[in-house]
Amino acid sequence: MKNKSNPPQKTANAETQDHEHTRTGMSIQALKRAFNDNLFYLQGRFHDVASANDQYMAAAYTVRDRLLARWIQSAQAYKNSGVRTVCYLSAEFLLGPHLGNNMINLAIMDKAQEAAQEMGLDLQAIMDQEEEPGLGNGGLGRLAACYMDSLATLQIPAIGYGIRYEFGIFDQEIEEGWQKEVTDVWLRNGNPWELPRPKLRFQVKFGGHTEQYQDETGNLRVRWHPSEIVSGMAYDTPILGYDVNNVNLLRLWKSEACESFDFSAFNKGDYYGAVHEKIVAETISKVLYPNDEAIKGKELRLKQQYFFVSCSLQDMMRLHKKQGGSPEGFEKKFAAQLNDTHPSVAVAELMRLLLDEYALPWDQAWDITHNTFAYTNHTLLPEALETWSVDLFQRLLPRHLEIIYEINQRFLDEVRRCFLNDELRLARMSLIDEGNGRRVRMANLACVGSFAINGVAKLHTELLKTTVLSDFYQLCPEKFSNKTNGVTPRRFLVLSNPRLATLLTDTVGNGWQRDLMQLRGLETHATDAAFQQRWQAVKHAAKQDLADCILERTGVSINPDSLFDIQAKRIHEYKRQHLNVLHIIALYEWIKQNPNAEITPRTFVFGGKAAPGYYMAKLIIKLITSVGMMINSDKQVQDKLKVVFMPNFNVKNSQRAYPAADLSEQISTAGKEASGTGNMKFSMNGALTIGTLDGANVEIREEVGAENFFLFGLTAEQVEQRKREGYHPRRHYEEDAQLREAINLIQSGFFSHGDSNLFQPLIDNLLQSDPYLVLADFRAYADCQQRVGQAYADQAHWTQMAILNVARIGKFSSDRAIKEYCDEIWKAKPCAVETDCH
């Protein structure tokens, strides 16, 4: 008998991989099995017929499965621990694409890449298929997303509450140089990251009237009889921390009709009437930030704000009671952060719930409410502090207006006791503005109803104390603190800039991804020629990536060897994109007049959206694109100067811009920017900053060193002094020949095909009022830009400065910010989660 050969022996590692669960396994083989299962069973496709979107959905479900196992175990651990939960209430969560970020946090990016290669797939192409979630607009929403990432990474139990907008703010296209708003249909192909919770619904009331009655104990109560009731349904998204098992919850609310179809109306032939309630109810969560110029828009925005805070507070109360809690202990279980004034109606809503639904006496209800909420202010612009007309409030939220009146009466009595016979102070601090058509001041409500108030940069917080919130600071200084913003290095460095992340890890180890202060270890390498060479190669590759992207999207070819000067942020007059443009025109004219002069080649890149109703901001975009069109077609300067507007700037596009920048434009009028976070993201990726002493620029300069920061411009104090003394912008125009020639060139119609009227509103604004002191800062800015060009010519020194910017950026991690919130405001403790996932 012949001996049978023994089958090949499996290694221990191979046996482990075979036994890994398809839904939770982390090996390459488990990921491949899961992908194929999801492609077949969830998408109903096999490889040969699968579309790019099918592949993306299968990959997303594969990663989501691994989140869900940890999510369930996190929920159980949080429940058992009984620790305080942070609830982050925000009208926006600008999350960015999920797939890549979740693979980074699961530490499976390399395995996923290898699994894709073995299956003949392009992982980057799959990741590029993901639609950006249309749940936010700018810095406010992106900050909320960074904080959710850090809360999970620091193992803090947390829930983010917001609205599940069916349509985002808008996709931006550029048509004949003008911004064109296109519907952001981000849900068109489905959202694999969310879990609908059809059984988790809460009723939200609007309108009607109230009546007083006596309850069974003889106490006077109020009953609200609404004229409209909608239903809020929960959609849950898991938020995973980095290198931990903790998964927190983002719970967003979709508005629906309580009865979506009127069968009797349909049978009578009233087909529109049969679905009328559904249409009206669903409008509430239809779109992010509807235009509120018309009264209907204002009504919808107030409805949105109340809708999501009502659902959220009812849900928090449900969770508390489910764990055996009573309303009396609500503030011990939850710390609720109001992310700006949008959710501040929550103060009145929690009072309503405690008074009307749980029959608590006023003083006890107020103690609970006041000890639950903390308020983050994000603006120094008085016009940006939300107010609502009393008439609108009365019509939509009659019960809440009664509660606000009562809060106001008690609060103003307290003010009277502290500041005798100060009627002007009472008028300023009142929750009702009596001098402007009677309006409810939401920032005042947030200040009165919160136990803590914070600004988002040192300068911002100090200015809050002396300007827009000075009266509240004088009354309750102990409430105020600063919590400088931060950004997550996982998305904005590890994911966005993998080449740089690899270089950093090779140099200082991988601990920096959780503790950004460890990047200080780079300082000893800043002057090392070999290290600088590697650094420059990384930067050049990122610039080439951006150049390829810009060529594909705009048709403009740019030189990656030129200095990439990038200003990417919301378009607004106080952010002063037009100051940047005036310098570009002046530079263009100088090159034309000195064609043989040596000059550092520059590529100016702009990105950002203008609010649909903000004409001046849209005119600034038109100016940028018009200047770019003329300069880019001028062969005399094309090797020295290019100007590009990158359309539809969002998280996805920003992940190309931040790594590629050599120079970061942070040039807002001093005293106007609360903090900014783009400044941190650019610096974190090795860009040097040209900026004013505004927002977090002040602290970035302190950290990276004044010698590694290009400073110019008036300070906040000097800005106010100029205005007090009488600011005359035309004087700068008359005295500065270079500025005058730049403005005259615009006025001549050179950039508008001879139409001298097109940009006249912008020119008139600058010459007659110049509210953001563009002309006052022009000369200092132009001189500073000249120093930038000279510095860039010395590549060794420039690279040293760039390295030191990254090495010293550790303070601006969102992990640091969240730790400060937890220690000093929320008193929240970490809860580690153990997992058996394998």
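Reader: Which residues have the most contacts inside the largest nonpolar core?

Author: Heads-up: this is a predicted model, where local features need pLDDT of at least 70, side-chain atom pairs count only at pLDDT 80 or more, and totals for chains, interfaces and linings use all residues. Residues are numbered from 1 along each chain as its sequence is written, and side-chain values use heavy atoms, leaving out hydrogens and water. A nonpolar core is a set of buried Ala, Val, Leu, Ile, Met, Phe, Trp, Tyr and Cys residues joined through side-chain atoms within 4.5 Å, with buried meaning under 20% relative accessible area (exposed is over 50%, partly exposed in between; 1.4 Å probe, protein chains only). The largest one here has 267 residues, and those with the most contacts inside it are Phe-393, Leu-582, Phe-710, Trp-798 and Trp-826.

Reader: What does Phe-393 touch, not counting residues up to four places away in sequence?

Author: Touching means contact, that is, heavy atoms within 4.5 Å. With the residues up to four places away set aside, Phe-393 touches Leu-302, Val-345, Trp-388, Pro-398, His-400, Leu-401, Ile-404, Val-440 and Met-442.

Reader: How many aromatic pairs are there in the whole structure?

Author: Rings of Phe, Tyr and Trp (its six-membered ring) pair if their centres lie within 6.5 Å; planes under 30 degrees apart are stacked, over 60 edge-to-face and the rest tilted. Some ring pairs join up, linking Tyr-88, Tyr-147, Tyr-821 and Trp-826 into a cluster. Search everything and the count of aromatic pairs is 20.

Reader: How many residues apart are Tyr-574 and Tyr-772?

Author: These two also form a tilted pair, 6.5 Å centre to centre with 55° between the planes, and both are buried. Tyr-574 is in the loop between strand E17 (563-568) and helix H23 (577-593), while Tyr-772 is in the loop between helix H31 (760-768) and helix H32 (774-793). So the pair links distant parts of the chain, and the separation is 198 residues.

Reader: Which residue in E2 is the bridge partner of Leu-89?

Author: Leu-89 belongs to E1, pointing one way with Thr-85 and Cys-87 while Val-86 and Tyr-88 point the other. Five of the five residues of strand E1 (residues 85-89) are buried, so the rest of the structure largely encloses it. Strands pair if DSSP finds at least two bridges between them: E1 runs parallel to strand E10 (residues 334-339) with five bridges, and parallel to strand E2 (residues 158-163) with four. Leu-89 stands opposite Leu-338 in E10, and in E2 its bridge partner is Tyr-161.

Reader: Is Pro-659 buried or exposed?

Author: You'll find Pro-659 in helix H25 (residues 651-660). Beyond neighbours within four places in sequence, Pro-659 is in contact with Ser-496, Asn-497, Lys-539, Ala-542, Ser-654 and Asn-685. Its relative accessibility is 4%, so Pro-659 counts as buried.

Definitions and conventions. Helices (H or I, at least four residues) and strands (E, at least two) are DSSP runs, numbered from the N terminus.
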